[in-house]
Amino acid sequence: MCIYSESISVLTTYEIANRIKLKMKKKRGVSNSKGIDSASYLPTGVRLWPLKRYLEMYRSSLDDPEGFWSEEAQKLDWYKTWERVLDWEPPYARWFVGGRLNASFLCVDRHVKMWRRSKVAVYWEGETGETRVLSYSTLFRDVNRFASVLKKLGVGKGDRVAIYLPMIPELPTSMLACARIGAVHTVIFSGFSAQAIADRVNDIQAKVVVTADGGYRRGKIIPLKQIADEAVKLCPSVEKVIVVKRTGEAVPWTEGRDIWLSSMLDDAELFVTPEPLESTHPLYILYTSGTTGKPKGIVHSTGGYLVFNHSAYQWVFNIKEESVFWCTADVGWVTGHSSIVYAPLSHGAAIILYEGAPDYPTIGRWWDIIEKYGVTIFYTSPTAIRMFMRSGEEWLQKHDLSSLELLGSVGEPINPEAWQWFYKYIGKERCPIVDTWWQTETGGIMISPTPGIEPIPLKPGSATLPLPGVDATVVDADGKELPPGKTGLLIINKPWPGMLVNIYGDPERYHEAYWSRFPGSYYTGDFAMRDEDGYFWVLGRADEVLKVAGHRIGTAELEDAAISHPAITEVAVTSKPDEIKGEAIVLFVTLKKGSSPSATLRKEIIQHLRQVIGPIATPDEIYFVESMPKTRSGKIMRRVLKAVASGQSPGDLTTLEDEASVDEVKRAYASLKRVSKEAEADVEVRNPRS
Ligand code: PRX
């Protein structure tokens, strides 16, 4: 059944809004501006049609955050109730202080204790067509046995475990096994290179690495064990490597260090008591890109993270135990942590775990999975939607998508065309779309429609309203709240339970990156605008972080990787708009004496980046330039680069570069434009796909 009481046909943004506003006015006989007393929660000039339940909840969450979150927290099972809801010593928050709980108990044991023992927890589909269905009872057995293996290998509370696995059931199982014994997991996306793994493993000093003999992607085997081996050579902290058998291919082996999971499971205990962990105990560390070359190890706590996500998934997705929830992200990203593992399992729902590529072996693969398992909630990225849009609609006719009740979008702004297509062709004009804005750092969804609280009019391209407890504002560079229609920076004024609690081993960076620019408020790094109806429109990153196919990658990280190529003296990375991926990576490169531009060198640089970071670092364009455009103090004129890469006119730039005269900027632009024109003729090595 559709959650919305009325289906919203595909109309323009304002038509949708007006239609519903009008209807509400007639029904309740109140004017929008006078309906609910929302004035103190909205900036001047912003109105909100009478959303009763949402506004009541939102108001109470900001008036009395501790009372509000205390009530939400009671929806989870605790070994010991908290003594204080929040200790807030900016920028450090400790949620549910004194409380004790366990994520593995919450996501597994408590369902086994109820009637959900035989209910499906995981529908797994391998790329090659095999399937595995895990009931909560099977998941319970697998998590316990995995936890027992970890314990036998000497892993205990607080130890760090790195998980480098494909999308197979052992991925959520190993995460939950870590959580059971209080070990802290770091999942490393299986598309990352050996160097990227080594950097993360060394940063957290992981004791154990969990990997597989391989994984399937587009019919090819990715030799994960081999890549993990290369990484582990550089990681003295690693004592054991647990290997899951997936492909059956022969793998390199280090006696004494490497262990097949299967060989340990036979003797594993069937029950491992879950550790009653302090609410503030770290649940996981997940690396994400920032504005420096080194990715940040974002630390999430147990209690706050679980309370926030458990509530958010009810509000946003109206998730229930009978839901079949498919989030198409990889578990290696935060979306996978919250939307595949912790939130849906905390509700006793069934999750879909699909190993392979969206369109492999045919464009019908995803739609076949929806039909086969009766997916009710489908949560994906704008990049994926745009990719499918390109293939037309005929192939969709072959699939029955009538199980779908709700659609979700995440990871990047969704353009209205993609929204409309998703709404019309996938949701058949029956299913609301929740456009959810959040970040690795926020741990859970922050801005989104909340049909689980109250249906609200949707506007294609807007993530709509903040969730209860999320005090979001748009401010100018000085931190002054902006009126409707003005673009500024998105900040969050109050701590919320799902927030990151630190950057692993780098508290100064934690303070500097998020809390120093607007003291007391969390700086998101995003540009946003709030419209006169109070809706948020998140427009993209305000810092040097790119979003390529929804994946976050820092320009500095790419530059650090590129500069290690022997032919390069200087490199600057920017992006250009891309119809499918949102943004595409563009490199400007100056070469060392003796090296000259060539198609072969381009290929080599691309290969080099893929090797140092992984396929997500593949540039679409490389421009070889004589020199970088710089200001008098030697700063690269990044906006000039961006304008050239995206084909913008220089007129827009003249006021944008600090410390450079209009003429200097124009000269730099003209000279780069020449280079880019020459490069346009040379298309040979553009955009090799992973
Ligand atoms: O720029 C915003 C964009 O993704 C960034 C966070 O990326 P990451 O930490 O990788 O997490 C992605 C998935 C939770 C944000 O700073 N972003 C995410 N969701 C949206 C979005 N931009 C616009 N609309 C969204 N719904």
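## Positive phi in two loops

Arginine 218 sits in the loop between strand E9 (215–217) and strand E10 (220–222). The model is a predicted one. Phi of arginine 218 is near 50°. That is a positive value, and the residue is not a glycine. With a relative accessible area of 37%, arginine 218 is partly exposed, because the partly exposed class runs between the buried limit of 20% and the exposed limit of 50%.

Lysine 428 is another non-glycine residue with a positive phi, about 50°. The loop that holds lysine 428 lies between helix H14 (416–426) and strand E20 (433–436). Lysine 428 has a relative accessibility of 37%, so it counts as partly exposed.

## Cis peptide bonds

Proline 90 and proline 91 are joined by a cis peptide bond. Omega there is about 0°. Proline 91 belongs to the loop between strand E1 (84–89) and strand E2 (92–97).

A cis peptide bond also links tyrosine 360 to proline 361. Its omega is about -5°. Proline 361 is found in the loop between strand E17 (350–354) and helix H12 (365–373).

## Packing of H7 and H8

Two packed helices are described by the angle between their axes and the distance between those axes. For helix H7 (residues 194–204) and helix H8 (residues 224–232), the angle is about 50° and the axes are 8 Å apart. H7 is therefore oblique to H8. The crossing of H7 past H8 is right-handed.

On the H7 side, the contact is made by Ala194, Ile197 and Ala198. H8 contributes Ile227, Ala228, Glu230 and Ala231. By class, the residues of this contact comprise 6 nonpolar, no polar and 1 charged.

## Confidence

The protein has a mean pLDDT of 90. A pLDDT of 70 or more is reached by 89% of its residues. Residues 1–39 have pLDDT below 50. In the model, this stretch has 74 contacts beyond near neighbours in sequence.

Residues 683–690 also stay under 50 in pLDDT. For residues 683–690, the model has 23 contacts beyond four places in sequence.

Definitions and conventions. Residues are numbered from 1 along each chain as its sequence is written. This is a predicted model: local features need pLDDT of at least 70, side-chain atom pairs count only at pLDDT 80 or more; totals for chains, interfaces and linings use all residues. Side-chain values use heavy atoms; hydrogens and water are left out. Axes are lines fitted to C-alpha atoms, for helices over the stretch in contact, and angles run from 0 to 180 degrees between N-to-C directions. Helices (H or I, at least four residues) and strands (E, at least two) are DSSP runs, numbered from the N terminus. Angles under 35 degrees count as roughly parallel, over 145 as roughly antiparallel, 65 to 115 as roughly perpendicular and the rest as oblique. A crossing is left-handed if the near helix is turned anticlockwise from the far one by less than a right angle, and right-handed if clockwise. Contact means heavy atoms within 4.5 Å. Ala, Val, Leu, Ile, Met, Phe, Trp, Tyr, Cys and Pro count as nonpolar, Asp, Glu, Lys and Arg as charged, and the others, Gly among them, as polar. pLDDT is the predictor's confidence in each residue, from 0 to 100. Buried means under 20% relative accessible area, exposed over 50%, partly exposed in between (1.4 Å probe, protein chains only).
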